[in-house]
Amino acid sequence: MNPRILLVTVSLGLSLLIGLVVSRRNVPVAAENAKPGGKIRIGLSLDTLKEERWQRDRDRFVEEATRLGAEVLTQSANSDDAAQMRDVESLISSRVDVLVIVPHNGEAMAKGVRAGKAAGIPVISYDRLIRDSDVDLYISFDNIRVGELQAQYLVDQLRGRKARLVRIYGSKTDNNAVLFKAGQDRVLQPLIDRGDLEVVFEDWALDWKPENAKKIVNAAITAKGRNLDAILASNDGTAGGAIQALTEEGLAGKILVTGQDAELAAVQRIHRGTQAMTIYKPVSRLAARAASTAVAMARRQVIIANGAVNNGFKDVPSILEEVVVVNRTNILETVVRDGFHRAEDLK
Ligand code: BGC
């Protein structure tokens with residue numbers, strides 16, 4: 001029996017059952033063999049553990065899966081596609097019941113999905129969508145919304161000013177980076193078209209690395225001067241690199257910088273005033289949900305999805321969590337109240 005996924009969406013306050021049991025011809029052998037009461041093994045393949053958030057994702061995922069009686073085999077690929085493919089193959093050889101993958105490269109990892117499915121193992125795409133493949137479930141945040149909120153924050157702050165903006169996108173191989181940009185574009189394009197906003201420089205930060213974001217800001221200043229109003233950095237890592245470049249120019253705190261992830265270093269920068277905002281994504285909640293969903297999938301229970309996202313091959317049943325804007329005024333009511341950071345660590 002394939003994973004059974006129910007799609008339930010909420011519209012105008014009414015829960016509407018619009019999906020039904022997903023049925024396919026090929027039966028996933030491992031899930032079929034997994035006895036509903038037996039020990040479940042989950043293969044977790046991560047792109048990287050360098051950023052703070054992924055360590056949290058991993059820790060919470062393992063904690064919750066263990067609590068539910070499952071065993072987790074974890075691999076991290078250090079931003080290397082070939083290494084991640086080897087990781088996935090080794091998890092398949094270990095006969096895991098479910099694969100949970102955060103792809104470094106959303107397109108390249110379609111091969112990993114094919115390998116998993118050929119071995120009868122259901123695949124969950126975690127946080128980042130794996131494209132053009134028969135992924136069973138996507139668990140993430142509303143990533144378009146993340147981009148919209150980042151851009152809207154700047155638009156609200158810059159109101160009335162004819163602003164000069166630098167844009168730092170994430171890694172081109174990460175589908176999320178494309179979604180963040182799409183959300184940002186949706187908000188910014190009307191202002192750009194009206195001539196109220198000028199994007200003076202833009203580039204993609206390879207592998208989301210802070211040092212690459214720093215180089216982008218250095219290049220922007222060299223090419224276009226120091227007269228900038230804002231830097232739309234797509235996450236906290238790239239915001240950190242951008243702020244380092246601004247610090248060297250004596251401009252930190254004078255130019256609005258956005259972010260995402262509510263990393264401790266970023267929330268400290270917001271507290272100090274060198275970063276304007278970040279997006280809090282409750283990753284502990286997401287990871288726990290992914291773990292319990294993976295276990296349920298292995299036990300052949302019905303999974304409830306609340307949306308569907310097209311990956312080029314199909315509409316992938318999806319579970320998408322909400323996100324929250326964090327700025328200097330609401331740190332305590334957001335990340336601290338949620339137990340994500342402790343107030344005493346913020347200074
Ligand atoms: C995630 C972000 C993260 C970035 C870099 C994205 O796919 O959604 O939370 O900052 O990757 O790791």
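Predicted model: local features only at pLDDT ≥ 70, side-chain atom pairs only at ≥ 80, totals over all residues.
Modeller: Buried means under 20% relative accessible area.

Colleague: Why is D47 called buried?

Modeller: D47 has a relative accessible area of 4%. The cut-off is under 20%, so D47 counts as buried.

Colleague: What makes R128 and D47 a salt bridge?

Modeller: The closest N and O atoms of R128 and D47 are 2.7 Å apart. A salt bridge needs a side-chain nitrogen of Lys or Arg within 4 Å of a carboxyl oxygen of Asp or Glu, so the pair R128 and D47 qualifies. R128 sits in the loop between strand 6 and strand 7, while D47 sits in the loop between strand 3 and helix 2 (52-67), so the bridge ties together parts 81 residues apart in sequence. R128 is buried, at 4% relative accessibility.

Colleague: Is K314 buried or exposed, and what is the value?

Modeller: K314 has 15% relative accessibility and counts as buried, because the cut-off is under 20%. The side chain of K314 meets that of D134 in a salt bridge, at 2.8 Å from N to O. K314 lies in the loop between strand 14 and strand 15 (315-321) and D134 in the loop between strand 6 and strand 7, so this pair links parts 180 residues apart in sequence.

Colleague: Why is D134 called partly exposed?

Modeller: D134 stands at 22% relative accessibility.

Colleague: What makes E198 and R164 a salt bridge?

Modeller: The closest N and O atoms of E198 and R164 are 3.8 Å apart. The limit is within 4 Å, so E198 and R164 count as a salt bridge. E198 belongs to strand 9 (residues 197-204) and R164 to strand 8 (residues 163-169), so parts 34 residues apart in sequence are tied together. E198 is partly exposed at 42%, whereas R164 is buried at 18%.

Colleague: How many salt bridges are found in the whole structure?

Modeller: The search gives 25 salt bridges.

Colleague: How do you know that strand 6 and strand 7 pair?

Modeller: Strand 6 (residues 123-126) and strand 7 (residues 137-141) share three bridges in the parallel sense. Pairing requires at least two bridges, so strand 6 and strand 7 count as paired.

Colleague: Why are strand 4 and strand 14 at the edges of the sheet?

Modeller: The sheet is open, with seven strands in the order 4-3-5-6-7-15-14. Strand 4 (70-76) and strand 14 (307-310) each have a single partner strand, so one side of each has no neighbour in the sheet.

Note on methods:
Residues numbered from 1 in each chain as written. Heavy atoms only, no water. Helix = DSSP H or I, 4+ residues; strand = E, 2+ residues; numbered from the N terminus. Buried < 20%, exposed > 50% of the residue type's maximum accessible area, 1.4 Å probe, protein only.
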